[in-house]
Amino acid sequence: MNRRFSTLAIHGDPIKKDVHGSIRMPVYDSVGFEFANSKDIQQSFEGRKPAHSYSRITNPTVEDFETRMRLLTGGTGALAVSSGMAAISNVVLALAESGSNIVTTRHLFGNTLALFEKTLKPWGLEARYVDMTRLEQVEAAVDKNTRMVFLENITNPQLEVADFSALSQIAGQKQIPLVADCTMTTPYLFLSRKFRVDVEIISSTKYISGGATSVGGVIIDTGNFDWKQSPKLAEAARKMGPMALLATLRKEIYRNTGACLSAHNAYLQSLGLETLFLRVDKSCDNAMRVAQYLEKQPAVKRVTYPGLESSPFFQLAREQFNGKFGGVLTFDLDSQESCFQFMDALQLIKRATNINDNKSLIIHPHSTIFCEYPESEREAMGVRSTLMRLSVGIEDVDDIIEDLHAAGEAIA
Amino acid sequence: MEVVVNGEKQNYSEDKVSILNLLQQNEVDKPELVTVQLNEEFVDKETYESVFVAHQDQVEFLYFMAGGSR
């Protein structure tokens, strides 16, 4: 029977019936697992018997969360990791090597950009930056050493939306995997498999964790890419077929980098998944109302939200994201000083980093997340000193607007 | 008919044994979570019911534990 999104999120598909009949997967906070005999443990290590042996590799509570993510995305499989950044670094390590390149954009989360520029560049990986909304740039940047095209499906904090049908066509023609960070939408709004994304990455810390309860990440192989075409995974594809990426991660990179998600955090994230659809709907509806309010305020110089008809990405976002536009927006005042005064006057909205919490959060990216970059680079990334990022929560929207309105009056 | 499953010889009296039959005989709870190799070739999960084994075939049931997709 084909169950629908909310049913799958709530019930999952338990691998085994719990010995006590628990209707919720328990937290298996155990490092090791016992085997009945030596042959069983040998077969488990050979991959001939399904069993958990050590929680840095697999764990029943984590597996339950992974199963739910696989069901919700319709992919080949899902691998839960310790954070969204662990998800990105594991995928890059699996697909690329020294001397190769990835085609991406400067419009990325600040830590992702730092991973490419500061952590991986000295190891010989080149990141080629293009404008993902200009397809000719993407096509021109790809060469025989390109190992992936990487982007965020709504960029943070620029809130640009790329055309996935067009990008996947380019990547497909060049036989290069299209890897997308879909944190801002989750599988509830964006079915990456349908839009021909090959690998989906999610920081489950955000919407999925159910209100910033825990840090985590997920890697999903959508099943769209034939890994025999990947120079790094061709040999793995011969041995492990369609499981080449996920099995290479599990048996090598994820294992060797210690990127595991804890059982406790997996429990919290499964719990969060059960109400994901309700929270995403509410935060998107609230974000739309807040964006429309801000657009009418004289002190606000610019509002950026893909859900506004004034956004150049409105039509594309509506087509790709199930009629919703995410819970994050940005707006500009006339100066950094005004932004600071405005933020300091807020009483309900929290001054904090993170997005897609249940609570509304505001931050000045220029002086925080992107503070390590020179002014010229921040400008190239569209991170202006006049810009604030607001992650709209699921409070009563009238209270959010009243808080913004009072802060605006306080600095008038 | 003799078939080698995960390195062990198994005998079947039936004339036709599908991959799904083999998985059931070996008490695999969720066949959709197993990756199967038949004589070193991967078998598409959609065809477990329609692909049949022959005498002396080598079959591997593999569990990559890769995200709910064992």
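The structure is a predicted model. Chain B contributes an open sheet of five strands, while in chain A a β-α-β unit and the contact of α12(A) with α16(A) are described.

**Sheet in chain B**
- The strand order is β2-β1-β7-β4-β5 (chain B), and the pairing is mixed.
- At the edges lie β2 (8-11) and β5 (41-43) of chain B, each of which pairs on one side only.
- On average, neighbouring strands of this sheet are turned by 30 degrees against each other, direction ignored.
- Strand β4 (residues 35-38) of chain B runs antiparallel to β5(B), and three bridges join them.
- Gln37(B) has Phe42(B) in β5(B) as its bridge partner.

**β-α-β unit in chain A**
- Strand β2 (residues 101-104) and strand β3 (residues 126-129) of chain A run parallel and are joined by four bridges.
- Within this pair, Val103(A) stands opposite Arg128(A) of β3(A).
- Together with helix α5 (residues 110-120) of chain A, β2(A) and β3(A) make a β-α-β unit that is right-handed.

**Helix contact in chain A**
- Helix α12 (residues 276-295) and helix α16 (residues 397-411) of chain A have axes that come within 10 Å and cross at roughly 30 degrees.
- Because angles under 35 degrees count as roughly parallel, α12(A) is roughly parallel to α16(A).
- The crossing of α12(A) with α16(A) is right-handed.
- From α12(A), Asn286(A), Arg289(A), Val290(A) and Tyr293(A) meet Val397(A), Ile400(A), Ile401(A) and Leu404(A) of α16(A).
- The residues of this contact comprise six nonpolar, one polar and one charged.

Conventions:
Residues numbered from 1 in each chain as written. Chains lettered and ligands numbered in written order. Predicted model: local features only at pLDDT ≥ 70, side-chain atom pairs only at ≥ 80, totals over all residues. Pairing = 2+ DSSP bridges. Helix = DSSP H or I, 4+ residues; strand = E, 2+ residues; numbered from the N terminus. Axes fitted to C-alpha atoms, helices over the stretch in contact; angles between N-to-C directions. Right-handed = clockwise from strand over helix to strand, strands pointing away. Parallel < 35°, antiparallel > 145°, perpendicular 65-115°, else oblique. Left-handed = near helix turned anticlockwise from the far one by under 90°. Contact = placed C-beta atoms within 7 Å. Nonpolar A, V, L, I, M, F, W, Y, C, P; charged D, E, K, R; others polar.
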